[in-house]
Amino acid sequence: MSASSPVRPTLPVDILARKGGAPLVCLTAYTTPVARLADPHCDVVLVGDSLGMVLHGLLSTIGVTMEMMILHGKAVMRGITKAMPVIDMPFGSYEESPQQAFRNASRLMMETGMPAVKLEGGQHMAETIAFLTARGIPVMAHIGLTPQSVNTLGGYKVVGRADEAARVMADAEAVQAAGAFSVVLEKTPEGLSRRITQALTIPTIGIGAGVGCDGQILVIDDMLGLFTDFRPKFVKRYATLGQAASDAIADYASEVRARSFPAPEHTFPDELPPKGGKA
Ligand code: KIV
């Protein structure tokens, strides 16, 4: 893009065109200020249903509602100028039928302004993905470990070892054939992720899927060290903001108790200072 051409948000077709090119940088965000921080550095900013766990204290993503996604989706859209925003379809909003998925995906897009949705599932969601894409809804698929199915999977396990590998490969091929413009591979073994990436013509975005994917995604609260309830092996902490925040709150509490905060510079005097001074 030349210096004079305006910056425009990235679109699903741009992400598709990145297949096999420079790695796609993807992160989650849930609020306007964090979206503003992520936007200049990221190709994709996902409003993930992980927000249920990292912001709302839920034990899994199961309790996340359409209203929660819409609220955070709108907030993120206010912070994006160049990355591509994507929004997760929450559990229960799309599995019943392609028609239910269309109703809720179109609502997410219309109420938030997001240009694409993400949903979990492989072969069994292919009909729904085809239904949505044929009707103007770009879909990012999500296979391997699908956290909304934690209760049937029996935990947040690696998915795709031994006999499972063929099924995960078939899931990847099915979502591509259905029209998904990219696919998240979560917690799939490294070799399988690489084979899927080589077999597909759409970009793969890995989370715990090794370096061979077309891109990587992390939950922002995990990589900033803000969410510390548990830490999957695939999370690299790039900062320890949770600790920094806890230290800052402890300093504030002790200064309030010692009456050393607020200091004169945080206080409004009764008399106005002489002209030119600060009120
Ligand atoms: O909900 C989420 O944040 C996600 C990913 C990180 C892929 O689905």
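The model is predicted, so local features need pLDDT of at least 70 and side-chain atom pairs count only at pLDDT 80 or more, while totals for chains, interfaces and linings use all residues. Residues are numbered from 1 along each chain as its sequence is written, and side-chain values use heavy atoms, with hydrogens and water left out.

**Helix packing**

- Two packed helices are described by the angle between their axes and the distance between the axes.
- Helices here are DSSP runs of H or I with at least four residues, strands are runs of E with at least two, and numbering starts at the N terminus. Axes are lines fitted to C-alpha atoms, for helices over the stretch in contact, and angles run from 0 to 180 degrees between N-to-C directions.
- Take α8 (residues 164-178) and α9 (residues 190-199): their axes sit 10 Å apart at an angle of about 30°. The two helices are therefore roughly parallel to each other (angles under 35 degrees count as roughly parallel, over 145 as roughly antiparallel, 65 to 115 as roughly perpendicular and the rest as oblique).
- On the α8 side, A165, V168, M169 and A172 meet L192, R195, I196 and A199 of α9, where contact means heavy atoms within 4.5 Å. The residues of this α8 and α9 contact split into seven nonpolar, no polar and one charged. For the classes, Ala, Val, Leu, Ile, Met, Phe, Trp, Tyr, Cys and Pro count as nonpolar, Asp, Glu, Lys and Arg as charged, and the others, Gly among them, as polar.
- Next up, α5 (residues 98-112) packs on α6 (residues 126-134) at about 45°, with axes 9 Å apart. That angle makes α5 oblique to α6.
- P98, Q99, A101, F102 and A105 of α5 touch E127, T128, F131 and L132 of α6. By class, the α5 and α6 contact has six nonpolar, two polar and one charged residues, and the crossing of these helices is right-handed.
- Helix α5 also packs with α4 (residues 66-77), at an angle of about 35° and with axes 9 Å apart; this crossing is right-handed.
- From α4 come M66, E67, M69, I70, G73, K74 and M77, and from α5 come N104, R107, L108, E111 and T112. The α4 and α5 contact counts five nonpolar, three polar and four charged residues.

**Pockets**

- Rolling a probe the size of a water molecule over the atoms shows where empty space is left.
- The largest pocket has a volume of about 520 Å³, and its lining of 22 residues has I207, G208, A209, Q216 and F234 nearest the centre. Strands β1 (24-28) and β8 (215-218) are the elements giving two or more residues to this lining.
- The lining of the largest pocket holds 13 nonpolar, four polar and five charged residues.
- The second largest pocket comes to about 440 Å³. Of its 27 lining residues, S50, P147, E186, I207 and V219 lie nearest the centre.
- At least two lining residues of the second largest pocket come from each of α3 (51-54), β4 (117-120), β6 (182-186) and β8. By class, this lining has 15 nonpolar, five polar and seven charged residues.
- On a 1 Å grid over the protein atoms alone, a pocket is an open set of points where a 1.4 Å probe fits, with protein on both sides within 12 Å along at least five of seven lines, and lining residues have an atom within 4 Å of a point. Grid points are joined across faces, edges and corners, and a volume is the space filled by probe spheres set on the points.

- Most residues other than glycine have a negative phi, and most peptide bonds are trans.
- F261 and P262 are joined by a cis peptide bond, with omega about 0°; P262 lies in the segment after α11 (241-257).
- A162 has a positive phi, near 50°, in a residue other than glycine, and sits in the loop between α7 (150-153) and α8.

Methods. Left-handed = near helix turned anticlockwise from the far one by under 90°.
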